[in-house]
Amino acid sequence: MHLPAILETDLLWPDEAAAQATADKLAAALLPSPNAVIELHGPLGAGKTTFTRLLLRALGVQGRIKSPSYAVMESYELPGGGTASHFDFYRFGDPREWEDAGFRDVFAAPGLKLCEWPEKAAGQLPPADLQLHIDLLPDDRRQVHVAGLARLVKALSCA
Ligand SMILES: Nc1ncnc2c1ncn2[C@@H]1O[C@H](COP(=O)(O)OP(=O)(O)OP(=O)(O)O)[C@@H](O)[C@H]1O
Ligand SMILES: [Mg+2]
């Protein structure tokens, strides 16, 4: 059996421009047909939604990018084709909602899935292709631990 190689790396984001640079690299690695499950871990205010917005913009999404806190999911058509779905599972509780809201179908179909608070949907989510663990340092910088498919982690760790 061939298992995909998993790699890990650590990044430091002194400011939003650094997060932008990571988002640009990730977008380039995901194109032309973004198809991945990406988990965004970290406490309230860590920068999960901010990074998601930067990534969606780098993938060419225009117009408003709302935080999906209340709707749980916001989906976007990508200009190059395909779909990106942004989830915030913070208020996700009832596992029946997984079926009722159609999330099972979304995860069964190709496309990019970006998941904030994935731990709140543990047991439902398929294995991630990439995990970002964002920690907020006291001086407002972000320490980011990245783990996942070697191809994606390598794309983020190169200068
Ligand atoms: N990389 C960054 N560098 C500097 N400031 C940032 C960065 N990312 C986010 N921020 C700031 O932190 C605030 C909170 O970020 P954001 O809403 O993305 O957090 P979150 O992790 O999605 O939180 P929640 O768990 O509530 O969804 C933003 O309004 C922004 O001002
Ligand atoms: Mg958020």
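## Mixed sheet, flanking helices and ligand shell

Residue S75 faces S85 of strand β4. The model is predicted, so to speak, throughout: local features require pLDDT of at least 70, side-chain atom pairs count only at pLDDT 80 or more, and totals for chains, interfaces and linings use all residues. Residues are numbered from 1 along each chain as its sequence is written, while chains are lettered from A and ligands numbered from 1 in the order in which they are written. Helices (H or I, at least four residues) and strands (E, at least two) are DSSP runs, numbered from the N terminus.

**Sheet**

- An open sheet of mixed pairing contains 7 strands in the order β1-β7-β6-β2-β5-β4-β3; two strands pair if DSSP finds at least two bridges between them.
- Its edge strands, β1 (6–13) and β3, each pair on one side only.
- From one strand to the next, the twist averages 15 degrees.
- Strands β1 and β7 run antiparallel and are joined by 8 bridges, with D10 opposite H145 in β7.

**Helices on the sheet**

- Helix α1 packs on the sheet, touching β1, β2, β5 and β7, and its direction makes about 150 degrees with that of β1. Axes are lines fitted to C-alpha atoms, for helices over the stretch in contact, and angles run from 0 to 180 degrees between N-to-C directions.
- Helix α5 also packs on the sheet, where it touches β1, β6 and β7; its direction makes about 25 degrees with that of β1.

- β3 (residues 73–77) and β4 (residues 83–88) run antiparallel, joined by 5 bridges.
- Their hairpin has 5 residues between the strands, and G81 there takes a positive phi near 105 degrees.
- β4 runs parallel to β5 (residues 112–116), again through 5 bridges; D88 has E116 of β5 as its bridge partner.

- Leaving aside neighbours within four places in sequence, L55 is in contact (C-beta atoms, placed from the backbone, within 7 Å) with A23, L26 and A27.

**Ligand 1**

- Ligand 1 is surrounded by 15 residues (C-beta atom, placed from the backbone, within 6 Å), and the closest are A19, G47, K48, T49 and T50.
- α2 gives the most to this shell, with 3 residues.

Technical notes. Two residues are in contact if their C-beta atoms, placed from the backbone, lie within 7 Å.
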